[in-house]
Amino acid sequence: MIKTASFAVVHFTVAFAVVYALTGSLVIGGLAALIEPMINTVAYHFHEKVWDRIRARRAARDQATGVARVPV
């Protein structure tokens, strides 16, 4: 959990720094630092769901054909 929290701090900091550097606005930088990670988290959730489906389809296909794969 500590690693996850430290990554979140880095993510917020980078988002803020990039937007602040581009706009010079503390408010816009702060909003971007909050909004972008929230949207990215939702996008990641759906990204994982897609990959879970891909893995399940591969596993079903491999089981049907008798192919043994090393999980990635």
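Colleague: Which helices each supply at least two residues of the lining of the second largest pocket?
Modeller: This is a predicted model. The lining consists of Thr4, Phe7, Ala8, His11, Phe12, Pro37, Asn40, Thr41 and Tyr44. The helices that each supply at least two of the lining residues are α1 (2-23) and α2 (26-65).

Colleague: Which helix gives the most to the lining of the second largest pocket, and with how many residues?
Modeller: The lining includes Thr4, Phe7 and Ala8 as well as Asn40, Thr41 and Tyr44. Both α1 (2-23) and α2 (26-65) take part. The helix that gives the most is α1, with 5 residues.

Colleague: By class, how is the lining of the second largest pocket made up, and how much space lies in that pocket?
Modeller: Phe7, Ala8 and Pro37 are among the lining residues, and these types count as nonpolar. Over the whole lining there are 5 nonpolar, 4 polar and no charged residues. The space in this pocket is about 220 Å³.

Colleague: Which residues form the nonpolar patch on the surface, and what is their accessible area together?
Modeller: The patch is formed by Phe12, Val27, Leu31, Leu34, Ile35, Met38 and Ile39. One of these, Phe12, is also in the lining of the second largest pocket. The largest share of the patch comes from α2, with 6 residues. Together the patch residues have an accessible area of about 690 Å².

Colleague: Is Leu31 buried or exposed, or does it fall in between?
Modeller: Leu31 is found in helix α2 and belongs to the nonpolar patch. Its relative accessible area is 45%. Because buried means under 20% and exposed over 50%, Leu31 is classed as partly exposed.

Colleague: How many salt bridges does a search of the whole structure find?
Modeller: Side chains of opposite charge can pair when their charged atoms come close. Another joins Asp62 and Arg61, at 3.7 Å, N to O. The number found in the whole structure is 2.

Colleague: Why are Asp52 and Arg55 separated by about one helical turn?
Modeller: Asp52 is partly exposed at 44% relative accessibility, and Arg55 is partly exposed at 42%. The separation is about one helical turn because the two residues, both in helix α2, are 3 residues apart.

Colleague: What separates the C-alpha atoms of Gln63 and Glu36?
Modeller: Gln63 lies in helix α2 and counts as exposed, at 69% relative accessibility. Along the chain, Gln63 and Glu36 are 27 residues apart. Their C-alpha atoms are separated by 40 Å.

Colleague: How far apart in space are Arg55 and Ala17, C-alpha to C-alpha?
Modeller: In sequence, Arg55 and Ala17 are 38 residues apart. Their C-alpha separation in space is 37 Å.

Colleague: Where is Gly66 found, and what separates its C-alpha atom from that of Ile54?
Modeller: Gly66 is found in the segment after α2. With a relative accessible area of 64%, Gly66 is exposed. Gly66 and Ile54 are 12 residues apart along the chain, and their C-alpha atoms are separated by 18 Å.

Conventions: Residues are numbered from 1 along each chain as its sequence is written. This is a predicted model: local features need pLDDT of at least 70, side-chain atom pairs count only at pLDDT 80 or more; totals for chains, interfaces and linings use all residues. Side-chain values use heavy atoms; hydrogens and water are left out. On a 1 Å grid over the protein atoms alone, a cavity is a set of points where a 1.4 Å probe fits but cannot get out, and a pocket is an open set with protein on both sides within 12 Å along at least five of seven lines; lining residues have an atom within 4 Å of a point. Grid points are joined across faces, edges and corners, and a volume is the space filled by probe spheres set on the points. Helices (H or I, at least four residues) and strands (E, at least two) are DSSP runs, numbered from the N terminus. Patches are made of residues with over 30% relative accessible area and no salt bridge: like charges are joined within 9 Å, nonpolar side chains (Val, Leu, Ile, Met, Phe, Trp, Tyr) within 5 Å. Accessible areas come from the Shrake-Rupley method with a 1.4 Å probe; for residues, only the protein chains shown count as cover. A salt bridge is a side-chain nitrogen of Lys or Arg within 4 Å of a carboxyl oxygen of Asp or Glu. Buried means under 20% relative accessible area, exposed over 50%, partly exposed in between (1.4 Å probe, protein chains only).
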